[in-house]
Amino acid sequence: MTTTPTPPTAPADRTRWLALAIVMAAAFMDLVDVTIVNIAIPSIQRTEHASVGQIQWITAGYALAFAAGLITGGRLGDIHGRKRVFLVGIGGFTLASALCGFAANPEMLVASRFLQGGMAALMVPQVLSIVHATFPAHERGKVFGLFGAIVGLGAVSGPLLGALLTQWNLFGLEWRPIFLINLPVGVVAWLLGRRFITESRAPRALKLDLVGVALVTLGLLMLLYPLTRGRELGWPLWGYASMGGALVVFAGLVAYERRKAARDGSPLVELSLFRVKSFAAGIAVQTVFGVALGIFFLVWTLYMQMGLGWSPLRAGLTGVPFSLAVSTAAGLSVQQLVPRFGRKVLQAGALLMGAGVLLYLWEADHYGLSIAPWQMALPLVVMGLGMGLIVAPLTDAVLSEVPREHAGSASGLINTVQQMGNALGLGLVSVVFFGQIGDRLAPDRVGPAFVHAFQHALWYVAGIMGAIFLLMCALPKRPARHVEGAGEETPAGERASEPQLVH
């Protein structure tokens, strides 16, 4: 005679909503931290005399560590408890923020950003897992709607907050408050999280593929390090050898993951997913889209502040129309457009974003150094509308034809490759942007050189958007939406319907 375990009852209303507020604060802190740094990069370079490579690693290091650790962070939460891993993640993220804020030199800042990205990889996957375990299925729609609002708010407030904190130069700390502001939020969230978050684990035992994580990280480092440092070092032979060796490492990863799947069924990457045409195309779309975003946002910030000589606040305010357009289009695409027009909405988004990039390119050339923020508004709104049409429904489109038992692995992989693409795009900035700027420029040549380099980088972004449009042809015409709560409760690693936190 067997006994069926009784499922835990839902926590009391007050406790549940307090737990939601805590994990939302953590998600908001992570989202803002990504956007807040870009606006402060010129200030960091000026005050700390950071090299071009160090500037790239301040942003790419976070993205790389975050990408490499995302799946591992989710697995650790499933195995050891989501509350426990969340508390470790938010505690480590807060500590890393302090190290960033008090960094004595650019090298320490880069190392602290790697640590911060790794801690975010522990923290962020637990956010939606905790929501899934805490709220019954019929309430999750409302909760995920709140998450959408938080994502939109983070996109709008990050650049503005970064601009204000940098412009105010609080206590003479220059850019450092953009990291130190995380300290009180992180400490309060950690203390409240200990008390109000309910512990949960996966219903079945999972194993951690550490070798897979090591191979992914090694391959990415071998690819990104030469791209980031190559121009400064004169493109040495070892750099090309390293990039070629990265392909060998990735081939080894595929071979190892196949053996791992056959041996114990717990690979880091579920390779059978790539037999699904729409998923393989969707992964390509996410990766390439991440490359485009990685290039554009860093280059855009450098163009406005170092090329045009704008203050951080002026640059931050210039980005508001873009953020508002993204939020507006994201809501419309999921609720009204995709159910009626399917894949065409995503393709329209790629074309719109590409058109906005080309319009921006024309304006940068036409107005030169005299361009005003209001003149940038139109291309930014067009780009933002296009991006909003893509980011919100893309995950559902990619997952539409994935077997439900592999949906969790697929979701984690989608978010991971988007971050990897972002890190790759940041690495390519050295080639597509800084490669167009001379090493020793006279003061009167800095502005024109940055404008020219910005235009050069935008051609790459426009080309990437064209490639994304073509890749989207392999997505299903009518993406099916996975219904939350349908069927049996699945392990945390196998949730199809949870939205991804996009950086």
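## Model confidence

Over residues 481-503 of this predicted model, pLDDT stays under 50, yet the stretch has 62 contacts beyond four places in sequence. Across the protein the average pLDDT is 83, and 87% of the residues score at least 70. Residues 1-11 also fall below 50; this stretch has five contacts in the model beyond near neighbours in sequence. Where pLDDT is low, the predicted coordinates should not be read in detail.

## Nonpolar cores

The largest nonpolar core holds 98 residues. The members that touch the most other members are F279, Y303, Y360, M376, F433 and F454. Helix 10, spanning residues 277-307, supplies the largest share of this core, with 15 residues.

A second core is separate and comprises 31 residues, among them V23, M24, V85 and F196.

## Surroundings of T59

T59 is part of helix 2, which runs over residues 52-80. Its relative accessibility is 6%, and because buried means under 20% relative accessible area, T59 counts as buried. A polar atom of the T59 side chain lies 2.9 Å from the backbone oxygen of Q56.

Once neighbours within four places in sequence are set aside, T59 is in contact with V37, N38, I41, R113, L298 and L426.

## Surroundings of N182

N182 is located in helix 7, residues 182-196. With a relative accessibility of 5%, N182 is buried. The side chain of N182 forms a polar contact of 3.1 Å with the side chain of S97.

## Cysteines

A search of the whole structure finds zero disulfides. C100 has 0% relative accessibility and is therefore classed as buried. C473, by contrast, has a relative accessible area of 41% and is partly exposed, since that class lies between the 20% limit for buried and the 50% limit for exposed.

Conventions. Residues numbered from 1 in each chain as written. Predicted model: local features only at pLDDT ≥ 70, side-chain atom pairs only at ≥ 80, totals over all residues. Heavy atoms only, no water. Disulfide = S-S within 2.5 Å. Buried < 20%, exposed > 50% of the residue type's maximum accessible area, 1.4 Å probe, protein only. Helix = DSSP H or I, 4+ residues; strand = E, 2+ residues; numbered from the N terminus. Polar contact = N/O pair within 3.5 Å; in protein donor to acceptor, adjacent residues only side chain to side chain. Contact = heavy atoms within 4.5 Å. pLDDT = per-residue confidence, 0-100. Core = buried A, V, L, I, M, F, W, Y, C linked by side-chain atoms within 4.5 Å.
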